[in-house]
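Here are some friendly notes to read alongside the model. Take the points in order, and keep the structure open as you go.

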Amino acid sequence: MKAYIFGANGAEVTDVAKPSPKGAQVLVRVRACGLNRADLGMTKGHADGSAGGVGTVLGMEWAGEVAEVGPEARGVKVGDRVMGSGAAAFAEYTLADHGRLFHIPSTGNMGFEEAATLPVALATMHNAVVTNGALQAGQSVLIQGASSGVGLMAMQIAKLKGAKIVIGSSTDPMRRGRLKEFGADLAIDS
């Protein structure tokens, strides 16, 4: 299969073996990928956590269809439309743990391209605002860097969770001017 790999001469498309799922892994046929700041750094040889370096299949966010399931994988079946995050997204197929997958909503006509932009921001900000932040309906919240992808997601999650006042900050006047479109009640210059 084709994959975008960081090699000895930099990032390049090359042929690699198609992976096979084991345990709770799921093999996904990748239809679209997201591109994040960490991905750009990895194309230059920088590590992101334990990922990176020569031989690394690049990319950390994708959407596609389940092609095969490991013997311990639950909650998905071949043909399901899914999105997720994990290593090796910039390839024809990628492996993911079944617990790191999100089903692409069957209503609303969400395409693979749109779905591929959601997993990292959605999981990161749900963890920050809901799981660790424990935001409760009626509370107020300040989202720093609200005009970034994860900041926009944080404001929308806060609004959906019933925040009384959502404050978003951005140093860019044009971006700050658009924060209300994404749930900000008040936009400030940080």
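1. Does Ala 134 count as buried, partly exposed or exposed, and what is its relative accessibility? Ala 134 counts as partly exposed, because its relative accessibility is 38%, and buried would need a value under 20% while exposed would need one over 50%. Please remember throughout that this is a predicted model. You will find Ala 134 in the loop between H3 and S9. Its phi is near 50°, a positive value in a residue other than glycine. That deserves a second look, because most residues other than glycine have a negative phi.

2. Ala 88 sits in the loop between strand S6 (81-85) and S7.

3. Now step back to the chain as a whole. It has five helices and 11 strands, and 39% of its 190 residues count as buried. The C-alpha trace spans about 50 × 40 × 30 Å along its principal axes. Among contacts with a separation of 6 or more, 63% are between residues 24 or more positions apart. The accessible surface comes to about 10200 Å², and carbon and sulfur atoms hold 53% of that. As for charge, there are 18 positive and 17 negative side chains, and the centres of the two sets lie 5 Å apart.

4. Next, find the open sheet made of three strands in the order S2-S1-S4, with antiparallel pairing. Strand S2 (10-15) and strand S4 (56-57) are its edges: each has a single partner strand, so one side of each is left without a neighbour in the sheet. Strand S1 (residues 2-7) is joined to S2 by six bridges, and the two run antiparallel. Within that pairing, Tyr 4 has Val 13 of S2 as its bridge partner.

5. Stay with S1 for a moment and pick out Ala 3, which belongs to this strand. Is Ala 3 buried or exposed? Ala 3 is buried, because its relative accessible area is 1%, and the limit for buried is under 20%. Leaving aside neighbours within four places in sequence, the contacts of Ala 3 include Glu 12, Val 13 and Thr 14, and also Val 57, Phe 90 and Ala 91.

6. Strand S3 (residues 25-33) has two partners to trace. Five bridges join S3 to strand S7 (residues 93-97), and the two run antiparallel. Seven bridges join S3 to strand S5 (residues 61-69), again antiparallel.

7. Which residues touch the most other members of the largest nonpolar core? They are Ala 63, Ile 104, Val 129, Val 141, Met 155 and Ala 158, in a core of 27 residues. At least two residues of this core come from each of helix H2 (112-115), helix H3 (119-132), strand S9 (140-143) and helix H4 (149-160). H4 gives the most, with six residues. Val 66, Val 82, Phe 90 and Leu 101 are included in a second, separate core of 14 residues.

8. Not counting residues up to four places away in sequence, it touches Ile 143, Ala 146, Val 166, Gly 168, Leu 179, Phe 182 and Ala 184.

9. Strand S9 shows two faces. Val 141 and Ile 143 are on its covered face, while Ser 140 and Leu 142 are on the uncovered one. In a regular strand, side chains alternate between the two faces of the sheet. Four bridges join S9 to strand S10 (residues 165-169), and this pair runs parallel. Val 141 stands opposite Val 166 in S10.

10. Finish at Thr 171, in the loop between S10 and helix H5 (173-178). Thr 171 counts as exposed, because its relative accessibility is 60%, and the cut-off for exposed is over 50%. Setting aside residues up to four places away in sequence, Thr 171 touches Arg 176, Asp 189 and Ser 190. The C-alpha atoms of Thr 171 and Val 120 are separated by 23 Å, and the two residues are 51 residues apart along the chain.

Methods: Residues numbered from 1 in each chain as written. Predicted model: local features only at pLDDT ≥ 70, side-chain atom pairs only at ≥ 80, totals over all residues. Heavy atoms only, no water. Pairing = 2+ DSSP bridges. Buried < 20%, exposed > 50% of the residue type's maximum accessible area, 1.4 Å probe, protein only. Contact = heavy atoms within 4.5 Å. Areas by Shrake-Rupley, 256 points an atom, 1.4 Å probe, with all protein chains shown as cover. Lys, Arg positive; Asp, Glu negative; His and termini not counted. Charge placed at Lys NZ, Arg CZ, Asp CG, Glu CD. Core = buried A, V, L, I, M, F, W, Y, C linked by side-chain atoms within 4.5 Å.
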